[in-house]
Amino acid sequence: MHQPIRCLTSIAGPSKSLSEVSTKVKDLVLEGLYDQALKLYKDHLHFRSVSSTFILPSLIKACSNDQTHHFLGLQLHCNVLKNGSDSESAVSNSLISMYAKCYDPECARKVFDEMPNRDTISWNSLINSYSQNGCFFKSLKMFREMYLCGFVPKPELTASVISICIQTGQLRLGRTIHALVIVDERIEDTSVFLSTALIDFYWKCSDSVMAFWVFDRMDVKNEVCWTAMVSGFVADHDYKMAIDFFREMQVEGIKPNRVTSLAILPACDEIGSIKHGKEIHGYAFRHGFDSDIRFSSALIHMYCKRGEALHYAKLIFERSKKKDVVMWSSIIGSCDTTDESVSLLNQMRKEGFSPNSITLLELISTSTNLSSISHGRTIHCYVFKSSLDSELPIGNSLINMYSKCGYLMDSYQVFQEMPTKDSISWSTLISAFGIHGRCEEAVEFFYRMQDEGIEADSITYLAVLSACNHAGLAEEGQKHFHRAMRDDKISLAIEHYACYIDLLGRAGRLEDAYGVVTSMPMKPSPIIWGSLVSACKIHGRMGVAKMLARKLIEAEPESGANRTLLSMVYAESGEWYGVEEIRREMKEIGVRKSYGFSRIE
């Protein structure tokens, strides 16, 4: 490792010129051998008068790349001040960069302010100094001053500032900078780097039209900008377009890289196309991407969400030489039994991995889905011992778990012991009391939530509507539904309408329920029509029930539940011939009603 130094020190005597040693130092810095460069400097130049701008920027750069040499960097700065080398822009620019990497933007600013002459690099260095140290608004302010002083920013700097606009939420400023790039001919607008940053910016602004416009105007497109478009479509939940772009990218002769393959996997997952996922997996295998731990984690996550492909997830997991917490969390979350998940948790800990909050959320979810209170309590104990009980998502999951397992008061105790609560905490508790038939208390919790200054969201309104439905509180439910409709922040989904319509139907207000069905902004689902049929059957409106049930069967001919519902309507009316006809139809077309199953732990 120190061979170059030994070779030089063997010949570098008193007769060796400073320029030769300085050249060697600079060459070592260019090769990234900073320790060797600084050692050579200390051995041969440190006690001589070195003020040349030829070597000082290189030495300062070497100090800035290793925190252990920060003190030497300060000494070099003193040397610069003593010899008057601070008047040289190259030296001062190096000092600004050094202080930026040493997490001292204020010293970087002081060097900048004392410079007699500043160039574009000086401004770039200071702006980057602020951004690297989290002073984003100061970066934006300096970028503005730079432009007003007549300096033209490089595309790389402009791209960096665009990214800062995303982080700080200064979306209007980002659009202004883009406009500046277009109208100012001095600014290079053909840079792939800048265009990619703009594509990412507009996707973060939820402006797919502008993102596509920037992409379409690019003369040269590489895998990075294509990946930005694919990622943007995935983030925008337009999974079909993401896959189309992935294909078009290859048609254009651009090979997807590891990041592109990683970006497209969620699209395959969301559209439920295991076929596309396998194709991406095969492509990654041929190009060696599958050895990347993040890609393997993404593959496991995708296969775990598809029950028929779970064996692929387990195979990848078993063959992975390196595993991380994400992999373990995904594979634990795919377990069908509580014993299997606990066994994997113990194995994970034996191999030196500490479960994080995501792992524990997967375990709690398994307990909830299987209604396993013993397993849930075991995980709760581990959460408590790991001091993760203060984590808000874990607390919310525990409330839900105890509620679904039938232990309402344990659920309420978890809620009370939570140090902080959000709208999800309150919504889960309201839903828990509603499910357990304590609906008046659920409504009371809704009012307490508002008294404590926590805004109700769409999930909260669904929980309180469901509680009103269980208790038959039609007037109370109607009040909350109309209040949610008036709130601009609340977006009512079909589940809200289904719950409200069922509430009105159970209360015998069939005309009101039908009025809501005809006026709702989305197409009524079969569940809504089914609840109306049930309401008509309960309140003796058999003629209407038959008509609606027939329409429901036409809409979902493969559903056995709809035919069973019509059969029950016929039975209530005493029309046994109709009951026999429905049963004969079900036998002829092979439709059977799905059976429910109970589980006893």
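Helices here are DSSP runs of H or I with at least four residues, strands are runs of E with at least two, and both are numbered from the N terminus. By that scheme serine 411 falls in helix α25, residues 408-417. The model is predicted, so local features need pLDDT of at least 70 and side-chain atom pairs count only at pLDDT 80 or more, while totals for chains, interfaces and linings use all residues. Residues are numbered from 1 along each chain as its sequence is written, and side-chain values use heavy atoms, with hydrogens and water left out.

**Overall makeup**

The protein has 35 helices and 0 strands. Of its 601 residues, 46% are buried; buried means under 20% relative accessible area, exposed means over 50%, and partly exposed lies in between (1.4 Å probe, protein chains only). The accessible surface is about 31,000 Å², and carbon and sulfur atoms account for 53% of this surface. Such areas come from the Shrake-Rupley method with a 1.4 Å probe, and for residues only the protein chains shown count as cover. A contact means heavy atoms within 4.5 Å. Among contacts between residues at least 6 apart in sequence, 59% join residues at least 24 apart.

Leaving out residues up to four places away in sequence, serine 411 touches Ile399, Tyr402, Ser403 and Ala432. Its C-alpha atom is 9.4 Å from that of asparagine 396, which is 15 residues away along the chain.

Histidine 276 belongs to helix α17. With a relative accessible area of 16%, histidine 276 is buried. Beyond its neighbours within four places in sequence, histidine 276 contacts Ile243, Arg247, Cys268 and Ile271.

**Aromatic rings**

The structure holds 23 aromatic pairs. Rings of Phe, Tyr and Trp (its six-membered ring) pair if their centres lie within 6.5 Å; planes under 30 degrees apart are stacked, over 60 edge-to-face, and the rest tilted. Two of the pairs are tabulated here.

| Pair | Centre distance | Plane angle | Class |
|---|---|---|---|
| Phenylalanine 201 and tyrosine 202 | 5.1 Å | 75° | edge-to-face |
| Tryptophan 226 and phenylalanine 245 | 5.6 Å | 55° | tilted |

Tryptophan 226 lies in helix α14 (residues 223-235) and phenylalanine 245 in helix α15 (residues 239-251), so this pair ties together parts 19 residues apart in sequence. Tryptophan 226 and phenylalanine 245 are both buried. They also belong to a cluster linked by ring pairs, together with Trp203, Phe212, Phe215 and Phe233. Phenylalanine 201 is buried at 0% relative accessibility, and tyrosine 202 is buried at 3%.

**Charges over rings**

A charge sits over a ring if NZ of Lys or CZ of Arg is within 6 Å of the ring centre and within 35 degrees of the ring normal. Lysine 323 lies over the face of phenylalanine 317, 5.1 Å from the ring centre. The charged end of arginine 377 is placed over the ring of tyrosine 407, at 5.0 Å from its centre.

**Largest pocket**

A pocket is an open set of points on a 1 Å grid over the protein atoms alone, where a 1.4 Å probe fits, with protein on both sides within 12 Å along at least five of seven lines; lining residues have an atom within 4 Å of a point. Grid points are joined across faces, edges and corners, and a volume is the space filled by probe spheres set on the points. The largest pocket has a volume of about 400 Å³. It is lined by 16 residues, of which Asp290, Ser296, Ile316, Arg319 and Ser320 are closest to its centre. Helices α17 (274-287), α18 (293-304) and α19 (310-319) each supply at least two lining residues. Helix α19 gives the most, with 4 residues.
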